[in-house]
Amino acid sequence: MSDAEVECQPCDPAPETQELPSSAAAGPGPITDADMEKMPSVCIVIGMAGSGKTSLMQRINAYQHTKGEVPYIVNLDPAVGKLPYEANIDIQDTVNYKEVMKEYNLGPNGGILTAANLFATRFDQVVGLCEKRAADIDHVFVDTPGQIEIFTWSASGAIVTESFASTFPTCVLFVVDTPRAQNPQAFMSNMLQAVSILYKTRLPMVVVFNKIDVVRHEQMLEWMDDFEKFHEVVDQDKSFASDLSRSLSLVLDEFYKTLRRAGVSAMSGEGMEELFDAIGRCRKDYLAEYWPDLRRRKEKLKAEDEKRRADALERMRRDLKSGGERVVLDMERLKVNEAVLAADEPPAPGSELD
Ligand SMILES: Nc1nc2c(ncn2[C@@H]2O[C@H](COP(=O)(O)OP(=O)(O)OP(=O)(O)O)[C@@H](O)[C@H]2O)c(=O)[nH]1
């Protein structure tokens, strides 16, 4: 059972009768530095399909249980199916992406994207639920859709990221499939993805090298610390791609210095301490740099910013309405299930992977 069990059901009222999100549109508002320091860290887990995000969430969940920490997990992947861990908030309880596909006459990717957009219009309530549990939890882990661009380059991804980052010390965990990044070109593709996410979110980031039970990540750390080591490898291949990788490594040298790193195995559990240590450092980075900057920007641009967010939400709602008047999010059930969960015993430890 999850905190959020909300479904997409064909019924009235039509979307135009629903209210606009409040906290997601309001930004940090009156949150003070002292408030922010008491908040749990939010970790948004992003990675290419198959990199091991869901397995990592399961491992983190099990690790937190062994440490006596209360896990809090938000699933934002509408198409993941049965989760191998207990999610406190699960988008699948709120919106059925297959219904959305039918209502809006979309294919699977369009259905996932639209389901995520529908959910984002109510994201203030998700943030509110996390805020209510702030005193009991140290971390909120957020699983994102397998198709990376659905989260990183969509309106809903921006709303989710900004909503969390306005309320909690937030960082991104960028999960790399280490065995598939051994080749210098594949490694560079992963790093370019990481740059684009960092550029878009501006949040502190941990590059999480997963599956180190299969291939170790130390060589990749060496490539990040010393571009000459990377050049030695790419120079063995005289192709256009290797020339490009060589040039890019020089450009990315500064970028690598801003990243935290951790090598983990979601399968064996290796590296969890290191991962939590990197998350702790990201929290410090957020409080020292991102938060003061966000507060300054907000103070300066408050009016413009609110209008921009409201316009973006309104545009998204109009687009959604034009295709599926009968789809509605039943957010009441989300509240009901939060109450049920609050009354429950803490969930049993997640099943081990190995
Ligand atoms: N050996 C090994 N396999 C892993 C590890 N983590 C995940 N896997 C495997 O990698 C595959 C993909 O893992 P998932 O957790 O489904 O990856 P995901 O990123 O959530 O996948 P999408 O939902 O498609 O994006 C599965 O077969 C996992 O068993 C790991 O640390 N070691």
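Start with a pair of helices: H6 passes H9 in a left-handed crossing. Keep in mind as you look that this is a predicted model. To find the pair, select residues 108-120 for helix H6 and residues 155-167 for helix H9. Their axes are 8 Å apart, and the two helices pack at an angle of about 35°.

Now show the side chains where they touch. On H6, pick Ala 116, Asn 117, Phe 119 and Ala 120; on H9, pick Ala 155, Ser 156, Ile 159 and Val 160. What classes of residue make up the contact of H6 with H9? Six are nonpolar and two are polar, with no charged residues.

Next, zoom out. The protein has 15 helices and nine strands. It runs to 354 residues, and 45% of them count as buried.

On to the sheet. Seven strands make up an open sheet with parallel pairing, and you can trace them in the order E4-E3-E5-E2-E6-E7-E8. At the edges, look for strand E4 (89-90) and strand E8 (260-263), each of which pairs on one side only. Strands of a sheet pair through backbone hydrogen bonds.

Select residues 41-47 for strand E2 and residues 170-177 for strand E6: these two pair in the parallel sense over six bridges.

Last stop: residues 184-201, helix H10. This helix lies across E2, E6 and strand E7 (205-210), and runs at about 165° to E6.

Key: Residues numbered from 1 in each chain as written. Predicted model: local features only at pLDDT ≥ 70, side-chain atom pairs only at ≥ 80, totals over all residues. Pairing = 2+ DSSP bridges. Helix = DSSP H or I, 4+ residues; strand = E, 2+ residues; numbered from the N terminus. Contact = placed C-beta atoms within 7 Å. Axes fitted to C-alpha atoms, helices over the stretch in contact; angles between N-to-C directions. Buried ≥ 20, exposed ≤ 12 C-beta atoms within 10 Å, placed from the backbone. Left-handed = near helix turned anticlockwise from the far one by under 90°. Nonpolar A, V, L, I, M, F, W, Y, C, P; charged D, E, K, R; others polar.
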